[in-house]
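Please keep the sequence and the coordinates at hand while reading.

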Amino acid sequence: MEVKIVMREAFAVVGLLHSGKNESNEIPQMWEALGPRLSEIPHVAVPDVAYGVCDNFDDGSGTFDYLAGIEVKRASDLPEGMVSWEVPGATYAVFTCTLPTLGELHARIHSAWLPESSYKRAPGPEFELNDKDFDPRDPDSRMDIYIPVQPLTE
């Protein structure tokens, strides 16, 4: 499993929020709903790059919060029904996968890579980064997964 360790500055994401599980494909449906509304989001920082930001995981119930959105220079003038999240600056372990391998990758990160690495999961959200070449209809299309980490000595 290839991994890059990178530092990212804090950034803001505006988009649609799902809280719960993804039992009925709520997340793909949310992305479909967001696509036609992207032009409503003001102050876009990086065109053609989308984020799926995950936080507030509850291992007992399997629920989490997921924000599908884009990076903005400032989170103001939010379109109706959209929210903003600040993603804190952090050190991230970055992994590349496809949509069909996303679940398997997450399992391997937490069951194999983290326990065998010199890092531990740091507090804060993790996110998927989908660049302009990502196509959710193409099973071979690649995305990057960012997991906040810190050295074991901290």
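How many helices and strands does the secondary structure of the protein chain come to? The secondary structure comprises 2 helices and 9 strands, where helices (H or I, at least four residues) and strands (E, at least two) are DSSP runs numbered from the N terminus. Read from the N terminus on, the order of elements is β-β-α-β-β-β-β-α-β-β-β. The model is predicted, so that local features need pLDDT of at least 70 and side-chain atom pairs count only at pLDDT 80 or more, while totals for chains, interfaces and linings use all residues. Residues are numbered from 1 along each chain as its sequence is written, and side-chain values use heavy atoms, with hydrogens and water left out.

The overall dimensions come next. Along the principal axes, the C-alpha atoms fill a box of roughly 45 × 35 × 30 Å. For 154 residues a compact globule would have a radius of gyration near 15 Å, and the 15 Å of the protein chain agrees with this; the radius is taken over C-alpha atoms, and the globule rule is 2.2 Å times the number of residues to the power 0.38. The chain exposes about 8,600 Å², of which carbon and sulfur atoms supply 50%, the areas coming from the Shrake-Rupley method with a 1.4 Å probe, with only the protein chains shown counting as cover for residues. Buried residues make up 40% of the 154 residues; buried means under 20% relative accessible area, exposed over 50%, and partly exposed in between (1.4 Å probe, protein chains only). Among contacts (heavy atoms within 4.5 Å) between residues at least 6 apart in sequence, 76% join residues at least 24 apart.

Of the 10 residues in β4, 9 are buried. Two strands pair if DSSP finds at least two bridges between them. β2 and β4 run antiparallel and are joined by 9 bridges; here His-18 has Tyr-66 in β4 as its bridge partner. β3 and β4 also run antiparallel, with 7 bridges joining them. Asp-55 stands opposite Asp-65 in β4, and Asp-58 opposite Thr-63. The hairpin of β3 and β4 has 4 residues between the strands, and Gly-62 takes a positive phi near 80 degrees there.

In soluble globular proteins, nonpolar side chains tend to be buried together. A nonpolar core is a set of buried Ala, Val, Leu, Ile, Met, Phe, Trp, Tyr and Cys residues joined through side-chain atoms within 4.5 Å. The largest such core has 15 residues, of which Leu-34, Ile-41, Tyr-66 and Met-82 touch the most other members. Two or more residues each come from β2 (11–20), α1 (26–34), β3 (50–58) and β4 (63–72), with β4 giving the most, 5 residues. Leaving aside residues up to four places away in sequence, Leu-34 touches Gly-15, Leu-16, Ile-41, Ala-68, Gly-69 and Met-82.

What is the count of disulfides? With a disulfide taken as a pair of cysteine sulfur atoms within 2.5 Å, the count is 0. Cys-54 is in no disulfide, and the nearest cysteine sulfur, that of Cys-97, is 11 Å away. Cys-54 counts as buried at 11% relative accessibility, and Cys-97 counts as buried at 4%.
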